[in-house]
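Dear colleague,

Please find below the structure that I am handing over to you, together with its sequence.

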Amino acid sequence: MAQKLQLTVEIPDEYVLITKVEYEELQKLATKGNSWESLAWFKQETGIKHPDTLKTMILYPYRSELEKFVKYPEKKGSPWKFHKGATLDWLENNFERIARGK
C-alpha cells in the first residue's frame, strides 16, 4: 500500500508563487521593452534571414501600418529602426496574415 506524505512550505512575504504560464507571460512582457532595434534583430524575430525576403513579405506590403513604429531608411545605407514592443505586438497580431501573404 502506497503512503502519502504531506509537506508544508512557508513562502516568505517578499516572494510570490505563480504558475509556469504566468511566469512565461511575464518573461515575454519583460523582453518587449521600449527600445529601438535593428534590421538584424527583426530578421531574428521573424526567422527570415534574407533582407530582401523580409522587405517583400513584410516591410513594404504592410508599410502603412508599420510606419507608426518602424523607421524606414531615409536613403540607401541608412539604418532600419524597429520599436521593439510595438513590432513584437504587430508580428504576433498579424502572424496569420503574414503567413498567408495577404
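**The sheet and the helix across it**

Three strands make up an open sheet, in the order S1-S3-S2, and their pairing is antiparallel. Strand S1 (36–37) and strand S2 (70–71) are the edge strands, since each of them pairs on one side only. Please keep in mind that this is a predicted model.

S2 is joined by two bridges to strand S3 (residues 81–83), and these two strands run antiparallel. Within this pairing, Val70 has Phe82 of S3 as its bridge partner. Helix H5 (residues 84–93) lies across S1, S2 and S3, and runs at about 75° to S3.

**Helices H2 and H3**

How do helix H2 and helix H3 cross? The axes of H2 (residues 39–46) and H3 (residues 51–59) come within 11 Å and cross at roughly 70°. An angle of 65 to 115 degrees counts as roughly perpendicular, and H2 and H3 are therefore roughly perpendicular to each other. On the side of H2, the contact is made by Leu39, Phe42, Lys43 and Thr46; on the side of H3, it is made by Pro51, Leu54, Ile58 and Leu59.

Which residues of H3 are buried? They are Leu54, Ile58 and Leu59. These residues cover an arc of only 65° around the axis, which puts them on the same side of H3. The partners against which the buried residues of H3 pack are H2, helix H4 (63–66), S3, H5 and helix H6 (95–100).

Is Ile18 buried or partly exposed? Its relative accessible area is 36%. Buried would require a value under 20%, and exposed a value over 50%, so Ile18 is partly exposed. If neighbours within four places in sequence are left aside, Ile18 is in contact with Tyr23 and Leu26. Asp89 is 71 residues apart from Ile18 along the chain, and the C-alpha atoms of these two residues are separated by 24 Å.

With kind regards

Methods:
Residues numbered from 1 in each chain as written. Predicted model: local features only at pLDDT ≥ 70, side-chain atom pairs only at ≥ 80, totals over all residues. Heavy atoms only, no water. Axes fitted to C-alpha atoms, helices over the stretch in contact; angles between N-to-C directions. Helix = DSSP H or I, 4+ residues; strand = E, 2+ residues; numbered from the N terminus. Parallel < 35°, antiparallel > 145°, perpendicular 65-115°, else oblique. Contact = heavy atoms within 4.5 Å. Buried < 20%, exposed > 50% of the residue type's maximum accessible area, 1.4 Å probe, protein only. Pairing = 2+ DSSP bridges. Arc of directions from axis to C-beta.
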